[in-house]
Amino acid sequence: MKTEEAASVLATRRQGLHAGRIEPDVMFAAALAILGIAAMTQGGWIFAKAQLAQILLDRAFNESLATGRPVKPWSWADTWPVARIEVPRLGARVIVLAGASGQALAFGPGHVESTPAPGDPGTAVYSAHRDTHFRFLKDVRVGDRIDIIQFDGRKSQFTVMSTEVVQWNTSGIDAASPGHRLVLATCWPFDARTAGPDRFLVHAELVQLAVPDAAFAVVREPS
Amino acid sequence: MSTLIVSIPPPRLTRSRTEPAPFPMPHAALTAIVHFCLVIVVAIAALSGGNATAQSSQTEVQSAQPKLVTPADMKSGALLMKSNEEGRFIEAPRLGADYDVTVSGPTLRGRVTQMFHNPTEGWVEAIYVYPLSEGAAVDSMKMVIGSRVIVAEIKERQEAKRIFEAANAAGQKAALMEQERPNIFTNTVANIGPGETVVIELEYQEPVRQSADTFSLRIPLVVGPRYNPPPLVQVVDLSPGGEGWGRFVDDPVPDRSRIEPSVLDPALHAPTNPVTISVRLAAGFPLGIVKSHQHAVSETQDTETTRTLKLSSGAVPADRDFELTWTAAAAATPSVGLFRERVGDSDYILAFVTPPALKETQPAALPREVIFVIDNSGSMGGTSIREAKASLIDALGRLKAEDRFNVIRFDNTFDVLYPDTMAATPANLVDAKRFVDRLQASGGTEMLPAMQAALADPRSGQDNRTLRQVVFLTDGAIGNENQLIEAVAGMRGRSRIFMVGIGSAPNSFLMTRVAETGRGSFTHIASPEQVDERMRALFEKLEQPAVTGVSAKVMGHAADVTPEALPDLYRGEPMVLTARLTRGEAPLSGSIDVAGTIGEQPWLASLPLSGAVEGKGLSKLWARRKIADAEVARTLRQITMQEADQRILALALEHHLVSRLTSLVAVDKTPSRPQGVRLTRADIPLNLPAGWDFEKVFGGPLPRDGQPGNLQLPGQLPHRLPPGQRAAAPPHLKQTRVAGNFQQVASASAPRPINTQQPHVTLPKTATDAELRLILGMILLLASALAMAMRFRRVRS
């Protein structure tokens, strides 16, 4: 573009501005751009929130470990960190919140109410978003070790027994079933962009359980 | 009513656990740009109706086959036959159920007899799910399956399961009864033969409820969404010449706000479960009005104190709960009830004390100081906050000139309207109403500071005349129960705390304990629409305190009393307590001394234990309450899970109760019957309900091994079945429809897996729309750039 031409374009635009009206197509393009930036910001914010919250959660959780009491990550939070999940083979490490409401899940995995704590009799269920905190579930293999530390210092070690895809309302998970089990749940398929009825479950069984200030006790060897 | 799930355990044709293939993850954004238009369509679909399509695909029914259902679809009782599609069932004919309730004074004993029929030619395993009311202590189950009688024993849950599985694998008939929730139970029955009829009889013990002068019982018949009747509306009849004494009469139109539930057309829908109900009412005092609220009943008066009630139309569909209320004949409402039961070497006591009522015309004797605490956090948004504000403004309007009040609002911050409570002058009330009216729902939930502010009492210890009431309204779960309860226990002083929970607060059990610690009550409001109505009822109650500072002591014997702290009593409410006394062989002497303050007068009542009347099942009521106490102590971490489990297990085993840790299990062993010998009437340890013909139920040809025998066609069984329902489920039709969908099992002796259809954990939505938004944003930016480029070109040309 030649300089004079560019100058004339700018002049035209300036005139337009001085006249107090913006040409409709510019307005349209600007509106599109603003909407686009807004949408991208919102999308990015979801990921950013998921990441940033984990930092605050980690801090609150460490305080919990030290004091043995629940600590809210920020003063207006409706939930608090209850446990840390670690999958050593994948280097995954994430803080779990109490309750699996939509609000809590934006910040971290949620411990589904009405299920016991991991290590207690029954089946504990942790649930999280497939595109943020539980993205690593797609790489989990049978035999992987899952370490759980709860805020009161209880440590438990689980081994992945199987994975499964179920519908959200017929999960087949019985919270009161005998045994000491853990289920990590997320949406399925992993690469879908819309919400669907399918859920991906990782079933794990307790191998070791330790209470604070006690040596690890072997509950059972994985078969 | 109940749900019976029958599964024919076939060689399982189930979807195996899926190992997901590793998914290649193409970069979403790049894909999106290529499939520009396609993605927009997907995005719109996802934003508008993604969930709807997911839902509809789940309820889709194959038209060529009988309608497949899931247990969750059942609104009332059903016999479900397992189809070869995992998780789906075929509804089979149900034959009938009978509820026989005997009320003896303060307790009731319920006996539920249900008859089911296996119309298939295979051997089936049945799972039977049913509701009972929350206070029910289930202690007995008997089962007659075909020609076998089974009496269940209480065992530790795991052990019971093991015994059951072993019997099941060995082809023996076995039954297992487990508690799913405190008010939901399941029975699993193994090895029901082809064409056999199952009769289940279970018994439970329950306290009679009392509110004001009305006694009531409820039989839950509906599983799932509960039909919510409006509260009992009563008006006071103060007839002239009664010298200020009056009585309650029932609202002339108690049904005014109720919409009759629609009745299913039996020709179009599976037959609903016919139920018969009879109640023998021995109230222990002359009866006044006896009223069934949902069903028409016929009544026979045996004596002044006893009645027998039956459903006047015979069998009815189990589509709503049965609710019965009764009152004493005018002015004869007993004010004291004392009952005892001796089990082993312990005595169990149940005591009711209704304090002398204040006359209606007399104003409440004590001035009040009311602190309203309202949660205006974000989750209260919408109907909840509107209704809460309306009810609060209404409550402010009801305050009397001599009352004092204050208002506190909280989210993650809190504001106190006045530094100290203020007199309820018109000017102050206008102020307060404006403050309430301006409240907006936003922010988080931080209850503790608000509670502490409400409990801060500058006149603590100086003013014992005024009744200090804290009304605490929230919809949040309590995250720090311990702190809250500690705060209440430490700071309560003379304050009474009334918790109001809106919505499905998961900690309602604990809120109850906060309220009990604060010697108040907990009101749970399930839906925002009920806020105004329930709050009004609460505020009315709070204006009528009858007795304050209630305490009870057992004199003369060592006693384990529950509850430990007694709340204030409001108009017409009885104080209820249960206790276990250890006295060995010594005669029952001593008394229960109840003390309190009515108005400004001390009130003392001494109930001589020697005057206690023999009651039934009191030990079970005491044990049930102690089990609940242990659960709470565990949740509050006052005791460890192991300690709580030990206590619960000991209580449940000692008192033969089904609990979280104990189950009833029965394996075919009583009576062991030689092959080919029929049951006789005398062998049946249970009383068949009136109208059930023994010969019809247990008669007929004998089953030969593996052959359909003892076949009781549903049409022949209960004579009382309405013809329409009988026609709706002709047995041969059911049988042929069912046959195509079933796996036949050749023999009963093959080991089979147990497929207990436990309630599923519902998994939350775990996908974000972050990527969609990113894609959408990118598309819009691209379009914007395109538009600009086009314009630029136009300007240049």
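## Helix 9 of chain B

In this predicted model, helix 9 of chain B covers residues 531-542; helices here are DSSP runs of H or I with at least four residues, strands are E runs of at least two, and both are numbered from the N terminus. Its twelve residues reach 16 Å from first C-alpha to last, close to the expected 16 Å, where the expected span is 1.5 Å times one less than the number of residues.

Which residues of helix 9 of chain B are buried? They are B:Val531, B:Met535, B:Leu538, B:Phe539 and B:Leu542 (buried: 20 or more other C-beta atoms within 10 Å of the residue's own, with C-beta atoms placed from the backbone).

## An open sheet

Five strands of chain B form an open sheet with mixed pairing, in the order 34-36-25-24-39 (strands pair if DSSP finds at least two bridges between them). Strand 34 and strand 39 of chain B stand at the edges with a single partner strand each, so one side of each has no neighbour in the sheet. Strands 25 and 36 of chain B run antiparallel, joined by eight bridges.

## Confidence and conventions

Chain B has a mean pLDDT of 68, pLDDT being the predictor's confidence in each residue from 0 to 100. The model scores ipTM 0.75 and pTM 0.53.

Residues are numbered from 1 along each chain as its sequence is written, while chains are lettered from A and ligands numbered from 1 in the order written. Local features need pLDDT of at least 70 and side-chain atom pairs count only at 80 or more, whereas totals for chains, interfaces and linings use all residues.

Key: A residue is buried if 20 or more other C-beta atoms lie within 10 Å of its own, exposed if 12 or fewer, and partly exposed in between; C-beta atoms are placed from the backbone.
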